[in-house]
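Biologist: Could we go through the labels in this model together? I would like to hear what stands behind each of them.

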Amino acid sequence: MLGVGAQSLFLMTPDLKTFRRLTVRFAAVCLLLNVNVACWQPASVRGSFVTAAPIAAAPPAAAVGADFPVSASSASSAGERSPASVWREGERVYLAENSPLRARLRFEAAREEVRPASLRFVGQIVPDPQRLARVYAPFAGKVVAVHAGAGRAVEAGEPLVTLHSPELVAVWGEFRKARTALNLAERNWARQRDLFAHRAAAQRDLEEAQADLDDARSEFEAARERLVLWGVDPDSAATSSPREYPHLVVRAPQSGRVLELAVAVGEVLQDEAEELGTIADLSVVWLSVEVPEHELRRVLAQMGRAGAPYTVAAHVAAYPGETFRGEVLSLGELVSEETRTVSLRVALPNPDGRLKPGMFATVEIAGEPQRGLSVPASAVVQRGGQTLVYEKLAEGVLAARPVTLGVEAGERFFITGGLKAGAQILTQNGVLLP
């Protein structure tokens, strides 16, 4: 069919120059389809301007997707296989002699040794809940002043926010009314007592005056306690007029550092249960660690051997080389259904405030010395749901060995299965292999 199409194309073109230009384009398409161009060229032009060699064999499927693919200039002639820099056949990985990856591979012999094993987990610095206070506005109202901001150290009772609240005016009015009623009841009781002493009043009138006085005192104390509850000084409220005392000052419930104060001047608070901010004493912080369920037995065994209290070492990225030690407070009783972990809480002293809530930390729980076959942690590769190390069999030939990991000891892992002592193990750049 291609030959018929080419001959028709030759008959339809007005001159040889145009035919050659169209034929070159057609030849390119035929090369993509692995068709020998010479099989359809007309006799009058065959060999005059284009000759296509048979297409070289495609590289093996194992070479597809290799880290260092072969360039077009290295394609071999007909019948030869185009080599790949790196390819895999079964469990073996091959590197060509000219592969630049060879110079980047480092090997080390797997060896038997005794090392102090430890368990490592990642945790997060959080405030101590017992040293944390949340700030709420007792009334809805409009913010007229903000006296502190996030990050500032405050003392207990220090003003944080000032509100203009109509509800405060109402409570203040109830207090003033109760105070006036109490004064009136006291005067009435004193008058009835004097009249009764001079036999000018009956016993019943004196008793009624005493009951009215008791009711007035109860209402006054209730109104006073409401002011105290909302942080208002009753003595100041008693001597102020509605024009002089329309504002409510929200004060710090404890000493510490303001972690958050999410209000601005002019903002209207619609709900008295709305949280304004958070204050925390960060002299002691918690390290919250989630221990995987399958590691729980080893953690419990180690903590049981050490006895209570148990101290762990923590490291944070912000201060490389430094170790922060803290005491384990508790190990949770419940396993999370979502993460299958148990919460571990560690108290870390933080007198200088360098440990900030939200920081991540690595927790190291020391264990008993372990003896066995070990490899560097950098030699272990996770791929396709398997844990692998690469063993050197010969120059340019490696084997991917599935292994079973034991405990972690510093920067090394103990291997409990899948590897023999003395095997030359790739220690780095294993992720670059197919």
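**Labels and their cut-offs**

Modeller: Val-154 stands opposite Gly-256 in strand 10. This is a predicted model, where local features need pLDDT of at least 70, side-chain atom pairs count only at pLDDT 80 or more, and totals for chains, interfaces and linings use all residues. Residues are numbered from 1 along each chain as its sequence is written, and side-chain values use heavy atoms, leaving out hydrogens and water.

Biologist: How do you know that strand 7 and strand 10 pair?

Modeller: Two strands pair if DSSP finds at least two bridges between them. Strand 7 and strand 10 (residues 256-261) have 2 bridges, in the antiparallel sense, so they meet that definition. Strands here are DSSP runs of E with at least two residues, helices are runs of H or I with at least four, and both are numbered from the N terminus.

Biologist: In what order do the 4 strands of the open sheet stand?

Modeller: The order is 5-12-10-7, with antiparallel pairing. Strand 5 (132-136) and strand 7 (153-154) each have a single partner strand, so one side of each is left without a neighbour in the sheet.

Biologist: Why is Arg-199 called exposed?

Modeller: Exposed means over 50% relative accessible area, buried under 20%, and partly exposed in between (1.4 Å probe, protein chains only). Arg-199 has 80%, so it is exposed. Arg-199 lies in the loop between helix 3 (166-197) and helix 4 (203-229), and has a positive phi of about 55° although it is not a glycine.
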